[in-house]
Amino acid sequence: MPNCPIEDRLAMQDQMIAYAHAVDSMHDIDGICAVFTEDAIFDLTRIGLIEHHGHAGIRALFESVFASMSHHGHYLSNFAVTAYTADRASMRAYVDAKGLGKDGSSLNVLGRYYFDFRRTADGWKAERYTLDLLLPPAGSLDKIRA
């Protein structure tokens, strides 16, 4: 495990938690974007979706998500710093996410979040986000892929 000061670890962990809370709000796109650098890459290719670039791309993604979903719940655990220097770091966490679509469909994701962080004047911000799955979602992402 990289030698990461506890203050930095907690600041990055807080950003990951802030992301989950903003997504679960079903409206706080500004809160989602606040976790990321202006030039961030939001990469969903590991789950068969596409990359989104910068705040504009992240905003467009979540406008679409919030338009089709009625409820979200994200539960994060197993946080681990996987790389650390004074100005850049990476952190991984498990995610158990559930959602309900406005059409009655359900979404269940059990996976890992990967956040690559950069220290900015405003503190740690994510410059890259990726996700992989621990268990297949049994078709629950099919509607998003359409």
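The model is predicted, so local features need pLDDT of at least 70 and side-chain atom pairs count only at pLDDT 80 or more, while totals for chains, interfaces and linings use all residues. Residues are numbered from 1 along each chain as its sequence is written, and side-chain values use heavy atoms, with hydrogens and water left out.

Q: Why is Phe115 called buried?
A: Buried means under 20% relative accessible area, exposed means over 50%, and partly exposed is in between, using a 1.4 Å probe and protein chains only. Phe115 comes out at 0%, so it counts as buried.

Q: Where does Phe115 lie, and what does it touch?
A: Phe115 lies in strand 5, residues 106–120. Strands here are DSSP runs of E with at least two residues, helices are runs of H or I with at least four, and both are numbered from the N terminus. Contact means heavy atoms within 4.5 Å.

Q: What makes the largest nonpolar core a core, and which residues touch the most other members?
A: A nonpolar core is a set of buried Ala, Val, Leu, Ile, Met, Phe, Trp, Tyr and Cys residues joined through side-chain atoms within 4.5 Å. The largest one has 40 residues, and Tyr19, Phe36, Phe62 and Phe115 touch the most other members. Elements giving two or more residues to this core include helix 1, helix 3 (54–68), strand 4 (88–101) and strand 5. Helix 1 gives the largest share, six residues.

Q: How do you know that the length of helix 1 agrees with its residue count?
A: The expected span is 1.5 Å times one less than the number of residues. For the 20 residues of helix 1 that should give 28 Å, and the end C-alpha atoms are 28 Å apart, so the two agree.

Q: What makes the phi of Met26 worth a look?
A: Most residues other than glycine have a negative phi. Met26 is not a glycine, yet its phi is positive, about 70°. Met26 follows helix 1, in the loop between helix 1 and helix 2 (29–34). At 18% relative accessibility, it still counts as buried.

Q: Why is Asn78 called partly exposed?
A: Its relative accessible area is 48%, so Asn78 is partly exposed. Asn78 sits in strand 3, residues 69–84, and also has a positive phi, about 55°, without being a glycine.

Q: Why does Thr130 count as buried?
A: Thr130 has 7% relative accessibility, so it counts as buried. Thr130 lies in strand 6, residues 123–135. Beyond residues up to four places away in sequence, Thr130 touches Asp43, Arg46, Arg112, Tyr113 and Tyr114.

Q: How many disulfides does the structure hold?
A: A disulfide needs a pair of cysteine sulfur atoms within 2.5 Å, and the structure holds zero of them. Cys4, at 16% relative accessibility, counts as buried, and Cys33 is buried at 4%.
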